[in-house]
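Subject: Structure handover

Hi,

Here is the structure to look over. My notes on the rings and the backbone follow below.

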Amino acid sequence: TVTLKNLDGTNFKVVPYVEGDPLGTTLAVPTRTGYTFNGWYADSNGNGAKDSGEEVTDGTGTVVSNLQNFPITQDWSLKSDWTANKYTIIWVDGNGDTLKTDSVDYDSTPVYDGATPTKKADATGHYTHTGWTPAVSLVSGNETYTATFNTVAHTPATREENRTEPNCGVAGSYELVTYCSECNYEISRENKTISATGNHSY
C-alpha cells in the first residue's frame with residue numbers, strides 16, 4: 001500500500017497496490033483551508049519527510065516523471081507538504097488614511113509595527129489610540145483594521161493674535177483665540193476692538 005498522510009500524521013488515503021505495480025501518474029490531492037498543497041514527499045525508507053526526502057508529486061498530484069514507473073514492492077508512507085496562503089491586512093488610522101498594508105500567513109496573528117495611529121482633534125476633544133476594530137485575530141482572509149481612540153476633553157487657554165495698536169483717531173484690534181493647551185486645537189476666534197486713544201490738547 002501507499003499511505004498518504006495529512007500534516008498531523010493521520011491518514012488521508014490508503015492506496016492498495018499489487019506487488020510490482022508501478023506507482024502511476026497521479027495521486028489524490030488533499031485540501032486544507034488556508035493552505036496551498038505543494039505535493040507528496042517520501043524519504044528512502046518510504047517515510048514522509050520533505051527536508052531529507054524526495055518529491056513524489058507536484059501540487060497537482062502529478063507524480064514526477066522518474067517515479068511514474070517505479071514498482072511498489074513495499075509499503076510507502078507519503079507526507080503532504082503545504083504553504084500557508086497569504087492575505088492582505090490593512091491598518092487604517094482615525095482619519096480614514098491607510099497606515100500600513102501587510103501580507104500575512106493564514107492562521108497567523110497580524111502585528112501592527114508602524115507609527116502610532118492618530119485622529120485629528122475636533123470640537124469634541126483630542127484623541128489617544130486604544131486599539132483596533134475589529135479586534136485583531138488569527139488571519140482567515142483579507143481584513144481591514146481601523147484604529148480606535150479615547151476622547152480627551154480640551155483644556156482651554158487663550159492668546160492674542162494679529163494685534164493692531166490704536167492711535168488717537170483710529171481704534172485698534174486683535175483676535176482672541178481660545179485653544180487647547182494640550183493639543184493646540186483652535187476652539188474659537190473672536191475679533192476684539194481696542195478703543196482709539198482720543199485727541200489730546202495741550
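The charged end of Lys-119 lies over the Tyr-127 ring, 4.4 Å from its centre. Arg-32 does likewise over Tyr-35, with its charged end 3.6 Å from the ring centre. (A charge sits over a ring if NZ of Lys or CZ of Arg is within 6 Å of the ring centre and within 35 degrees of the ring normal.)

Before you go on: this is a predicted model, where local features need pLDDT of at least 70, side-chain atom pairs count only at pLDDT 80 or more, and totals for chains, interfaces and linings use all residues. Residues are numbered from 1 along each chain as its sequence is written, and side-chain values use heavy atoms, with hydrogens and water left out.

Aromatic pairs. The whole structure has 10 of them. (Rings of Phe, Tyr and Trp, the last by its six-membered ring, pair if their centres lie within 6.5 Å; planes under 30 degrees apart are stacked, over 60 edge-to-face, the rest tilted.) Tyr-87 and Tyr-106 make a tilted pair, 6.3 Å centre to centre, with 55° between the planes. Trp-91 and Tyr-145 have centres 5.2 Å apart and planes at 25°, so they are stacked. Both Trp-91 and Tyr-145 are buried (under 20% relative accessible area; exposed is over 50%, partly exposed in between; 1.4 Å probe, protein chains only). Ring pairs also join Phe-12, Phe-37, Trp-40 and Trp-82 into a cluster.

Backbone. Thr-133 and Pro-134 are joined by a cis peptide bond, omega about -5°. Most peptide bonds are trans. Asn-162 has a positive phi, near 55°. Asn-162 is exposed, at 56% relative accessibility. Asn-184 also has a positive phi, about 70°. Asn-184 is partly exposed, at 48%.

Best wishes
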